[in-house]
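Here are my notes on the model you sent. Please read them with the structure open.

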Amino acid sequence: MSISGHASLFFDLGAQKRPTVISVVGAGGKTSTLFWLARLFQLSGRRVFITTTTHMFLSDQPWPTLFCREPAGLPYHTLMQPIITCFQSWKAASGKACGFSPDAIDALARRAECDVVLVEADGARGMPLKAPDEHEPCIPESSCCVIAVMGGHLMGKSVGGEQVHRWPQFAGITGLTEGSPLPLKALIRLVQHPQGAFKNAPPASRRVWFLNRFSQSENAIDESELIQPLLDGDVEAIWLGNAQETPAIARRFVR
């Protein structure tokens, strides 16, 4: 399948819905995916509001950064800026910004001025894979799309607690043991399991599975196996690529 154009990616994301609230969960490139999407939407003329329901690093882009208690209370002119990042507080010990509750972002999404809201809705402590704990992920109900990111570069490599955040939960879902090579079927189980990658996704939201840092030359993959979640109706799209490269999406599979 050929490299995807912006229009097809926006279709996958359900970006025709206004406001477009997109939550990014998982591990292995959530923040870089969020910032790539922000640039993509900005290039298309959309206004972008970036935030989190957990903690996240700030962008090195020259984007305005605001701190406030309730984003829904921001003045009109603030929400009309081309792109802003907004958080509740700064956590100096970790060098990360702290975000808002899902309810606070839902309240923001009810503002008529809102256009695109990008939410980092999960934490993984910098690891390339994870399974959610009981309290995770923190996804706003207003999300029209949830993107589950996974570090595709680990395919075929040995994995355990050093590579996977919440290893006991991951092992329980996938059936893997410490040090086992990571097969595609384990990631598919994570996608399809009710307590897996798309846990807490709003029922009406579109679901996109993004294998980030995936190299077609280094990571052999069986496409007939890969698209099983599409055929089973678990996701609307599967992306293979690298959020830090151009183009970010090398291959795209849809129903």
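Predicted model: local features only at pLDDT ≥ 70, side-chain atom pairs only at ≥ 80, totals over all residues.

1. Three strands make an open sheet, ordered β3-β7-β6, with antiparallel pairing. Three bridges join β6 to β7 (residues 96-98). In that pairing, K91 stands opposite K96 of β7.

2. Strand β6 also carries W90. Together with L58 and F67, W90 makes a nonpolar surface patch of about 300 Å². W90 is partly exposed, because its relative accessibility is 44%.

3. The structure holds 10 salt bridges. One of them joins R18 and D115, with the closest N and O atoms 3.3 Å apart. This pair links distant parts of the chain, 97 residues apart. R18 lies in the loop between α1 (6-13) and β1 (20-26), and D115 in the loop between α4 (102-109) and β8 (116-120). R18 is exposed at 53% relative accessible area, whereas D115 is buried at 7%.

4. E223 and R251 form a salt bridge at 2.3 Å, N to O. E223 belongs to helix α7 (residues 223-226) and R251 to strand β16 (residues 249-254), 28 residues apart. E223 is partly exposed at 33%; R251 is buried at 15%.

5. R111 pairs with E113 in a salt bridge, with closest N and O atoms 3.1 Å apart. R111 is buried at 19%, and E113 is buried at 14%.

6. Finally, a network of salt bridges links D122, K130, D133, E136 and R166.

Key
Residues numbered from 1 in each chain as written. Heavy atoms only, no water. Pairing = 2+ DSSP bridges. Helix = DSSP H or I, 4+ residues; strand = E, 2+ residues; numbered from the N terminus. Patch = residues over 30% accessible without salt bridge, like charges linked within 9 Å, V, L, I, M, F, W, Y side chains within 5 Å. Areas by Shrake-Rupley, 256 points an atom, 1.4 Å probe, with all protein chains shown as cover. Salt bridge = Lys/Arg side-chain N within 4 Å of Asp/Glu carboxyl O. Buried < 20%, exposed > 50% of the residue type's maximum accessible area, 1.4 Å probe, protein only.
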